[in-house]
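I opened this model to look up its helices, cores and charged pairs. My notes are below.

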Amino acid sequence: TLTDLNVSLALTLASLLDLITIWIIGQLAASLTRSESLGVLAAGLYAANPVVILQITNGLETSAGMLALAVFILVMKRWLTDPTTARFSILAGFCGGLLFLARSDSVLFLGLAYLVVLWHWRKDPQKRINPFVAGIITTVTVLPWFIWGQLAVGSWIQESGIAVPHAIRVRLALAEGTGLVVTANESIRQLFYSRTWVRGDYAGLPLV
């Protein structure tokens, strides 16, 4: 059926994106360790990770998000080591914008990355401007998405960004007890819930 075809095409695309991610991970690891064997090992460990396979084939944007993250890290490495850093500041900013558009919670990676770059060039007056340039490019890249969200649905935060917190609040509301006791009990239950540690929970947040 047409529905089956759409699912097959989506999973095929996700698999292709993941193959590119695996290749990038291998290249990054080989470059950083100066060992082709360790590059192959790193790519293999990622490719054979059951949690990765589970998340890549979940039908969501995970494969695109992981590819965007891998590309951003690859550009970051070149940005920090290439003498012509100005043009890579623009490229890093654009790739950072794509990373954010793939998964908005990747803003945590972006913030950390730009802080690292700022620290890296803290003693070089000519290059200290680079992370700010990248940040501006990132902002310009994602701004149309924010504007569209506000105009189309009246919110700059996508529904998926508040779905899990809403589910947690509902679960707390249905629990016995009140206030801090409920929160503490639920936190302890989640902390020692073995399936979460081994497989990952419904939100796709494995602890191992």
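The entries run from the whole chain down to single residues.

**Ground rules.** I am working with a predicted model, where local features need pLDDT of at least 70, side-chain atom pairs count only at pLDDT 80 or more, and totals for chains, interfaces and linings use all residues. Residues are numbered from 1 along each chain as its sequence is written, and side-chain values use heavy atoms, with hydrogens and water left out.

**Whole chain.** I looked up the fold first. The protein chain has 10 helices and zero strands. Helices (H or I, at least four residues) and strands (E, at least two) are DSSP runs, numbered from the N terminus. I then checked burial. Of the 208 residues, 29% are buried. Buried means under 20% relative accessible area, exposed over 50%, and partly exposed in between (1.4 Å probe, protein chains only). The chain exposes about 13,700 Å², and carbon and sulfur atoms supply 71% of that. Accessible areas come from the Shrake-Rupley method with a 1.4 Å probe; for residues, only the protein chains shown count as cover.

**Cores.** Which residues have the most contacts inside the largest nonpolar core? I found Phe72, Met76, Trp79, Leu99, Leu110 and Tyr114, in a core of 19 residues. Helices α4, α5, α6 (107-120) and α7 (130-153) each supply at least two residues of this core. A second, separate core has six residues, including Ala43, Tyr46, Val52 and Ile56. A nonpolar core is a set of buried Ala, Val, Leu, Ile, Met, Phe, Trp, Tyr and Cys residues joined through side-chain atoms within 4.5 Å.

**Ser89.** I placed Ser89 in helix α5. Ser89 is buried, at 1% relative accessible area. Its side chain makes a polar contact of 3.2 Å with that of Asn130. A polar contact is a pair of N or O atoms within 3.5 Å; within protein, one must be able to donate a hydrogen and the other to accept it, and residues adjacent in sequence count only if both atoms are side-chain atoms.

**Thr62.** Thr62 lies in helix α4 (residues 62-81). I read 13% relative accessibility for Thr62, so it counts as buried. Its side chain joins that of Asn58 in a polar contact of 3.2 Å.

**Salt bridges.** How many salt bridges does the structure hold? I count two. The term means a side-chain nitrogen of Lys or Arg within 4 Å of a carboxyl oxygen of Asp or Glu. Arg103 and Glu61 form a salt bridge through their side chains (2.4 Å, N to O). Arg103 sits in the loop between α5 and α6, and Glu61 in the loop between α3 (50-56) and α4, so the pair ties together parts 42 residues apart in sequence. Arg103 also forms a salt bridge with Asp105, with the closest N and O atoms 2.9 Å apart. Shared partners join Glu61, Arg103 and Asp105 into one network.

**Arg34.** I looked up Arg34 for its backbone. It has a positive phi of about 55° although it is not a glycine. Arg34 is in the loop between α1 (2-33) and α2 (36-47), and is exposed, at 75% relative accessible area.
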